[in-house]
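My notes follow in the order I took them.

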Amino acid sequence: MSAYRDGDKVVVMLPSRLSKAEEEQWIATLLGRLEERERRRRPSDADLETRARELSRRHLGGRAVPSSVRWVANQRTRWGSCTPDDGTIRLSTRLRGMPAWVVDYVLVHELAHLLVPGHGADFWALVAHYPKAERARGYLEGVAAAANLPLDDSDDELADGLRHGVAG
Ligand SMILES: [Zn+2]
């Protein structure tokens with residue numbers, strides 16, 4: 001028995017010997033599980049902020065303190081960005097549904113920018129405290145390549161030099 005999404009439909013697989021009542025009960029159970037699974041893969045802004053604080057504590061000695069962390073849909077060429085002046089971090093909604101350790105990497109990357117601007121050796125030394133940083137960069141490069149997006153990992157900084165991002 002299973003339930004999965006196929007485009008905008010949900011497909012529920014059940015054995016044919018079930019009674020009508022059992023069938024309805026199983027459909028409700030399987031849909032509940034599907035929603036729970038999707039919720040876990042699509043953290044809310046509040047989940048994201050909690051996660052960022054935890055990652056800062058665990059990998060950056062708690063020194064990076066974001067004022068807000070949220071999803072944005074209008075970030076087409078970057079996975080994440082931040083404004084060190086006010087401590088805000090934004091993550092592209094394109095990351096939603098990717099493995100948690102990849103989303104964590106982008107959070108750590110942006111958190112590190114709250115401490116070190118640009119992509120110098122000291123910046124990458126900080127990011128390297130997150131054990132899956134290299135693997136996650138490879139993952140995102142693969143996604144970008146598959147989607148035919150720009151591959152370089154450099155910042156696409158605005159003229160004011162305040163915003164940094166992981167290009168994707
Ligand atoms: Zn960056």
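**Two helices crossing**

I began with α3 and helix α5 (residues 133-146), whose axes come within 9 Å and cross at roughly 105°. Axes here are lines fitted to C-alpha atoms, for helices over the stretch in contact, and angles run from 0 to 180 degrees between N-to-C directions. α3 and α5 are therefore roughly perpendicular to each other. (Angles of 65 to 115 degrees count as roughly perpendicular, under 35 as roughly parallel, over 145 as roughly antiparallel, and the rest as oblique.)

Next I listed who makes the contact. From α3 come Trp101, Val102, Tyr105 and Val106. From α5 come Ala133, Arg135, Ala136, Arg137, Tyr139 and Leu140. Contact means heavy atoms within 4.5 Å. I sorted these residues of the contact into eight nonpolar, no polar and two charged. (Ala, Val, Leu, Ile, Met, Phe, Trp, Tyr, Cys and Pro count as nonpolar, Asp, Glu, Lys and Arg as charged, and the others, Gly among them, as polar.)

**Ground rules**

I noted that this is a predicted model, where local features need pLDDT of at least 70, side-chain atom pairs count only at pLDDT 80 or more, and totals for chains, interfaces and linings use all residues. Residues are numbered from 1 along each chain as its sequence is written, and side-chain values use heavy atoms, with hydrogens and water left out.

**The whole chain**

I read five helices and six strands in the protein chain. Their pattern along the sequence is β-β-α-α-β-β-β-α-α-α-β. Helices (H or I, at least four residues) and strands (E, at least two) are DSSP runs, numbered from the N terminus. Of the 168 residues, 38% are buried. (Buried means under 20% relative accessible area, exposed over 50%, partly exposed in between, with a 1.4 Å probe and protein chains only.) Among contacts with a separation of 6 or more, 52% join residues 24 or more positions apart.

**Back to α3**

I checked the length of α3. Its 16 residues reach 23 Å from first C-alpha to last, close to the 22 Å expected at 1.5 Å a residue. (The expected span is 1.5 Å times one less than the number of residues.) α3 is mostly covered, with 14 of its 16 residues buried.

**The zinc ion**

Which protein atoms are the donors of the zinc ion? I found NE2 of His109, NE2 of His113 and NE2 of His119, lying 2.0 to 2.1 Å from the zinc ion. Donors are N, O and S atoms within 2.8 Å of the metal (3.2 Å for Na, K and Ca); water is not among the atoms, so sites may look incomplete. Along the chain the donors follow the spacing H-x3-H-x5-H.

His109 and His113 both lie in helix α3 (residues 100-115), four residues apart, about one turn of the helix. An α-helix has 3.6 residues a turn, so residues three or four places apart point the same way. Are these two buried or exposed? His109 is buried at 0% relative accessible area. His113 is buried too, at 1%.

**Single residues**

I looked up Ser56 in helix α2 (residues 45-59). Ser56 is buried, with a relative accessible area of 1%. Setting aside residues up to four places away in sequence, Ser56 touches Gly61, Gly62, Arg63, Ala64 and Leu111.

Glu35 is in helix α1 (residues 20-41). Glu35 is exposed, at 55%.

Pro43 sits in the loop between α1 and α2. Beyond its neighbours within four places in sequence, Pro43 is in contact with Trp71 and Arg96. Gly97 is in the loop between β5 (88-92) and α3. Gly97 is partly exposed, at 25%. Pro43 and Gly97 are 54 residues apart along the chain, yet their C-alpha atoms are separated by 9.0 Å.
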